Amino acid sequence: MAETNTGAIYGVKALKYNGKALGLISEDGLQPGGDSPSKTRIWAAQKRNAPFAVLKSTPGTKTWTFTLIELLGENMRQVMGGEVDENGNYTPPAEDKDVQGVFDIEAVTGHTIRIYNGVLTCNFSNGINFSNVLGIESELEMQDAGADNPPYKIFAPGQVPPADEIPSQS
């Protein structure tokens, strides 16, 4: 049965990096953010009621933030790099590493937001106590995806993003 597209996108089903799910994220889900584009207004002495021209100084950034709360060794390796041994013990890399690749945000509405070149930066958050769980606070920033490629694409319910757009994991 085909899913109906009402235009509403909600509910995180999965967040994937290069085709593989990252694990459970906190109930806050994914929050959009980034820096708004900035403009420079050009004023003319002869026209004081409005700018003569408006130039886009910077295009701004598009980001998503979330907190990974399922801290299995493999999930931590995916978001921070490093190694996982046969017992599931996680060893971080010698230096902090940004993870870069294709990210898919899958919604329960059937939509998928594919980010073609995302950079993920992470740090621990939440603390260890009896009212919360340790998490990895993450920021996913959309980067340039190359000539003639969009930074992201939103697939309608029932449409599956092409698997050949995901880099090989070998």
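A residue counts as buried when its relative accessible area is under 20%. The model used throughout is predicted.

**Exercise 1. Determine whether isoleucine 105 is buried or exposed, and describe its surroundings.**

Step 1. Isoleucine 105 belongs to strand S9.

Step 2. Its relative accessibility is 8%. The cut-off for burial is under 20%, so isoleucine 105 is classed as buried.

Step 3. Neighbours within four places in sequence are set aside; isoleucine 105 is then in contact with Ala14, Leu15, Leu30, Trp64, His111, Thr112, Ile113 and Ile115.

Step 4. Valine 12 lies 93 residues away from isoleucine 105 along the chain, yet their C-alpha atoms are separated by 7.3 Å.

**Exercise 2. Identify the residues with the most contacts inside the largest nonpolar core, and the elements that each supply at least two of its residues.**

Step 1. The largest nonpolar core comprises 21 residues, and Trp64 and Phe66 have the most contacts inside it.

Step 2. At least two core residues come from each of strands S1 (12-17), S6 (63-68), S9 (99-107), S10 (112-125) and S11 (135-142), and from helix H1 (73-80).

Step 3. With neighbours within four places in sequence left aside, the contacts of tryptophan 64 include Leu30, Pro32, Ile105, Ile113, Ile115, Leu140 and Met142.

**Exercise 3. Classify the aromatic pair and state which parts of the chain the pair ties together.**

Step 1. The structure contains one aromatic pair.

Step 2. Tyrosine 17 and phenylalanine 103 form this pair, with 5.0 Å centre to centre and 35° between the planes. The pair is tilted, because planes under 30 degrees apart would count as stacked and those over 60 as edge-to-face.

Step 3. Tyrosine 17 lies in strand S1 and phenylalanine 103 in strand S9, so the pair ties together parts 86 residues apart in sequence. Both residues are buried.

**Exercise 4. Describe the lining of the largest pocket and the setting of threonine 112.**

Step 1. The largest pocket has a volume of about 250 Å³.

Step 2. Its lining has 16 residues, with Glu106, Thr112, Gln159, Val160 and Pro161 nearest the centre. Five lining residues are nonpolar, five polar and six charged.

Step 3. S1, S9 and S10 give two or more residues to this lining; S9 gives the most, with three.

Step 4. Threonine 112, in strand S10, is buried at 6% relative accessible area. Beyond four places in sequence, the contacts of threonine 112 include Asp104, Glu106, Lys153 and Pro161.

Note on methods
Residues are numbered from 1 along each chain as its sequence is written. This is a predicted model: local features need pLDDT of at least 70, side-chain atom pairs count only at pLDDT 80 or more; totals for chains, interfaces and linings use all residues. Side-chain values use heavy atoms; hydrogens and water are left out. A nonpolar core is a set of buried Ala, Val, Leu, Ile, Met, Phe, Trp, Tyr and Cys residues joined through side-chain atoms within 4.5 Å. Buried means under 20% relative accessible area, exposed over 50%, partly exposed in between (1.4 Å probe, protein chains only). Helices (H or I, at least four residues) and strands (E, at least two) are DSSP runs, numbered from the N terminus. Contact means heavy atoms within 4.5 Å. Rings of Phe, Tyr and Trp (its six-membered ring) pair if their centres lie within 6.5 Å; planes under 30 degrees apart count as stacked, over 60 as edge-to-face and the rest as tilted. On a 1 Å grid over the protein atoms alone, a cavity is a set of points where a 1.4 Å probe fits but cannot get out, and a pocket is an open set with protein on both sides within 12 Å along at least five of seven lines; lining residues have an atom within 4 Å of a point. Grid points are joined across faces, edges and corners, and a volume is the space filled by probe spheres set on the points. Ala, Val, Leu, Ile, Met, Phe, Trp, Tyr, Cys and Pro count as nonpolar, Asp, Glu, Lys and Arg as charged, and the others, Gly among them, as polar.
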